[in-house]
Amino acid sequence: MNKEAKKQEILSAFQFRHATKEFDPEKKISDEDFAFILETGRLSPSSFGFEPWRFVVIQDQALREQLKPVSWGAQKQLPTASHYVVMLARTAEDMIYDSEYIEHMMTEVKKLPKEAYEAISGFYKTFLESDFKLLGNDRAMFDWAAKQVYIALGNMMTAAAQIGIDSCPIEGFDQEKVQAILEKEGVLEGGNFEVAVMVGFGYRVNEPRPKVRQDLNDVVKWIK
């Protein structure tokens, strides 16, 4: 496929994608297709490459029913989505520059030599302390980690659209109550994670209204 055809294919996927309010409960995503979607999330970029996320795929209908009363934005998606994902972000405890998790990422995942490890640790400490002034503010640290989760979210939804699978990102939920439910399931690891966003995947029941967006000139400014 030449470049122009590939560009059109990608734009067509963006035109296809919409916030699907209700999925066809009879149509299920294949294991292979959903593994592909998850892989695009896993391969997504993150600040410093620290991957501060976890993707919890909730297929247990009883657990979905527990989440429904505290997820006002997912009343139709929770019961009908083929796959429903709660996307978690790591908390300040894990994202601090000298945490066990950051050390694990740099030494065991990235396998950095000592010199590189020490240099990046210094850069990261400065970033937290001075550049973004996140240090000492647990909420700001979590929100920064959640920004990284949204990169993975966008990639997963776009990848799904490219193979004809619908999705809907969901922020309409009571975070504290959702977390209480998930804490009982053990997925928050005693405070190492909090809920950033949720997303349903499946196949649409109804065709959406035509996509509308602001004009390109209203959202892009050039400085030459």
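**Reading exposure, backbone and core**

Q: What does Glu-189 count as at 37% relative accessibility?
A: Glu-189 counts as partly exposed because its relative accessibility is 37%; buried means under 20% relative accessible area, exposed over 50%, and partly exposed in between (1.4 Å probe, protein chains only). The model is predicted, with local features needing pLDDT of at least 70 and side-chain atom pairs pLDDT 80 or more, while totals for chains, interfaces and linings use all residues. Numbering runs from 1 along each chain as its sequence is written, and side-chain values use heavy atoms, without hydrogens and water.

Q: Where does Glu-189 lie?
A: Glu-189 is in the loop joining helix H9 (175–185) and E4; helices (H or I, at least four residues) and strands (E, at least two) are DSSP runs, numbered from the N terminus. Although Glu-189 is not a glycine, its phi is positive, about 55°.

Q: What is the phi of Lys-111, and where is Lys-111 found?
A: Lys-111, also not a glycine, has a positive phi of about 55°. The loop between H6 and H7 holds Lys-111, which counts as exposed because its relative accessibility is 62%.

Q: Which helix holds Glu-108?
A: Glu-108 is part of helix H6 and, at 51% relative accessibility, counts as exposed.

Q: Which residues touch the most other members of the largest nonpolar core?
A: Such a core is a set of buried Ala, Val, Leu, Ile, Met, Phe, Trp, Tyr and Cys residues joined through side-chain atoms within 4.5 Å. Here the largest one has 36 residues, and Met-87, Met-95, Tyr-124 and Phe-201 touch the most other members. Elements that each supply at least two of its residues include strand E2 (83–90), helix H5 (92–95), helix H7 (114–131) and strand E4 (193–202). H8 gives the largest share of this core, 11 residues.
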